[in-house]
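Hello,

Here is the structure we talked about passing on. My notes follow below it.

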Amino acid sequence: MISFVLSLVALVVGYWLYGRFVEKVFGPDGRPTPAVSMADGVDYIVLPNWKIFMIQFLNIAGTGPIFGAIMGMWFGTSAYLWIVLGCIFAGAVHDYFSGMLSVRHGGAGLPELVGRYLGMTAKQIMLVFSILLLVMVGVVFVYSPAIILESIWGTRMMWILIIFVYYIIATMLPIDKIIGKIYPLFAFSLLFMAGALMVGLLIKQPQLPEIWDGLGNLGAERFGMKNPIFPALFVTIACGAISGFHATQSPLMARCLKSEQMGRPVFYGAMITEGVVALIWATVSSYFFFYGGWREVCPPEIVAQFTGQTDKTLIQFFDAPTVVKLVCSSWLGVAGGILALFGVVAAPITSGDTAFRSARLIIAEFIHLEQRTIFRRLYICIPMFIAAIGMLVWQMENPDGFNAIWQYFGWANQTFSVFTLWTITVYLVRHHKAYYITLIPALFMTTVCSTFLFISKQAFGLAPVVGYSLGGATLLVAIVWFYCWYHRYQVNHKS
């Protein structure tokens, strides 16, 4: 419990100290924001500050800080360090600058920002990459909630149709009609669930592994996991530490801020809050898997079912959604069951509809098509949803379709953060600011993503020694590339 409490305190202190430093580096001022200067009543609308925070939190969170943290804690207490350090020095910085750069550039989406600072080739790559990623998010978050809802009532196809119709409506309507009204409620539910579980942890004081007990792969020792901590941990825990998907969501709220001074609590603060949620669920997962917590929350018939079986069987049976439902129902009662339903159903659905909304705005920005009228929105939405339906049909007909899409999404998500961090770094260099605050995370995430690509079975599947060597070579290339560019820039822009 000591490591958990210290990590929690570190996140709060990180927000107040490092968050203020990051804000000072950017330098918010009193200029009119896009919500004021470009108001259109659809996407550019001034919303109350508390509502923007809640929507931003839900948009970037979904079930990411829950499911990712549960699976990430299988690696052991290294997850604590990644959540805390990744959140403070990488994820929150990534979210703050991606949001504030959008504010400074008229609510621009990520491809536009990448094009401005990394060039047109990078912009075109990011345009295709971002639309594919966002459509994948939407498709994944149609199918997975439908599976859960099917077990309660109705058929899977019925729920797929209902969710998809909701996506179309939410994507088309002005942001304050549905998203602005119901998202804060869902965000409160996620926060209340996490807070109640934290109280439960503090009351129960269960035995938990501490950081000083060792940072090795506990999953390998207990469950026979073969994935190495590096880079698997840093891809598994994405939303609780750093996630490129957030850079596609921050522009949505950048178009609703009334003042630049709200950037730190909205963008940096929402990411720190997500880190707290991830930390709580990582701790719950640690107790559940490593110290017999599953025996406490499971019905007697399930406990009897696993008596005498191997731990590997245990971890294969209890996937992340099952852990959420069991823990919430046991610790929080009927209310916990309802909150668990919000967590594993409502949260992914809300992430899905904002993913489609982001895709619509990115496409509109690229083809210079204003979105005030519903017919112009339809021009983009109709082909986009046709493509999504095609991907959804493939996923349903392919027995391993969901897992395939999710695996590619996980790597693509973190690769997105690499592009964003390099974009911010170039911006900071050009404006003579402390560029090292994003350069270091950019180099680290470049190494993580390239190494994962080399050694992952879903990609090249190279031998570890080869994969790690190529990952290290990629790091060296990135360092040399940056400093060559930096030197040329300094020479060409000497005053």
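Tyr-483 and Tyr-486 both sit in helix α21, which covers residues 464-492, and 3 residues, about one turn of the helix, separate them. An α-helix has 3.6 residues a turn, so residues three or four places apart point the same way. Please bear in mind throughout that this is a predicted model.

Aromatic rings

How many aromatic pairs does the structure hold? The count is 36. One of them joins Tyr-96 and Phe-97, with 5.5 Å centre to centre and 85° between the planes, an edge-to-face arrangement. Tyr-96 is buried, because its relative accessibility is 1% and the limit for that class is under 20%. Phe-97 is buried as well, at 0%.

The rings of Tyr-483 and Tyr-486 also make an edge-to-face pair, with centres 6.4 Å apart and planes at 75°. These two residues are partly exposed: Tyr-483 has a relative accessibility of 43%, and Tyr-486 has 21%.

A charge over a ring turns up at Tyr-15, where Arg-264 lies over the face at 4.7 Å from the ring centre.

Salt bridges

The salt bridge count is 10. Side chains of opposite charge can pair when their charged atoms come close.

- Asp-29 and Arg-104 have their closest N and O atoms 3.5 Å apart. This pair links distant parts of the chain, 75 residues apart: Asp-29 is in the loop between α1 and α2, and Arg-104 is in helix α5. Asp-29 is partly exposed at 26%, and Arg-104 is partly exposed at 22%.
- Glu-112 and Lys-123 meet at 2.8 Å, N to O. Glu-112 is in helix α6 (residues 110-118) and Lys-123 in helix α7 (residues 120-150), 11 residues apart. Glu-112 is partly exposed at 22%, whereas Lys-123 is buried at 12%.
- Glu-150 and Arg-156 meet at 3.1 Å, N to O. Glu-150 is partly exposed at 30%, and Arg-156 is partly exposed at 28%.

Asp-29 and Arg-104 are also part of a network of salt bridges that takes in Arg-31 and Glu-260.

Surface and interior

A nonpolar surface patch of about 610 Å² is formed by Val-5, Val-9, Val-12, Val-13, Trp-16, Leu-17 and Leu-202. Which element gives the patch its largest share? Helix α1 (residues 2-26) does, with 6 residues. Val-13 is in that helix and is partly exposed, at 39% relative accessibility.

Helix α4 (residues 64-72) is mostly covered, with 7 of its 9 residues buried. The buried residues are Pro-65, Ile-66, Phe-67, Gly-68, Ala-69, Ile-70 and Gly-72.

Ser-78 belongs to helix α5, which covers residues 78-104, and is buried with a relative accessible area of 11%. Setting aside neighbours within four places in sequence, Ser-78 is in contact with Leu-215, Ile-229 and Leu-233.

Ala-359 is in helix α17 (residues 320-367). Is Ala-359 buried or exposed? Ala-359 is buried, at 0% relative accessibility. Apart from residues up to four places away in sequence, Ala-359 touches Leu-134 and Met-384.

Regards

Methods: Residues numbered from 1 in each chain as written. Predicted model: local features only at pLDDT ≥ 70, side-chain atom pairs only at ≥ 80, totals over all residues. Heavy atoms only, no water. Phe/Tyr/Trp six-rings, centres within 6.5 Å; stacked < 30°, edge-to-face > 60°. Buried < 20%, exposed > 50% of the residue type's maximum accessible area, 1.4 Å probe, protein only. Helix = DSSP H or I, 4+ residues; strand = E, 2+ residues; numbered from the N terminus. Lys NZ or Arg CZ within 6 Å of the ring centre and 35° of its normal. Patch = residues over 30% accessible without salt bridge, like charges linked within 9 Å, V, L, I, M, F, W, Y side chains within 5 Å. Areas by Shrake-Rupley, 256 points an atom, 1.4 Å probe, with all protein chains shown as cover. Salt bridge = Lys/Arg side-chain N within 4 Å of Asp/Glu carboxyl O. Contact = heavy atoms within 4.5 Å.
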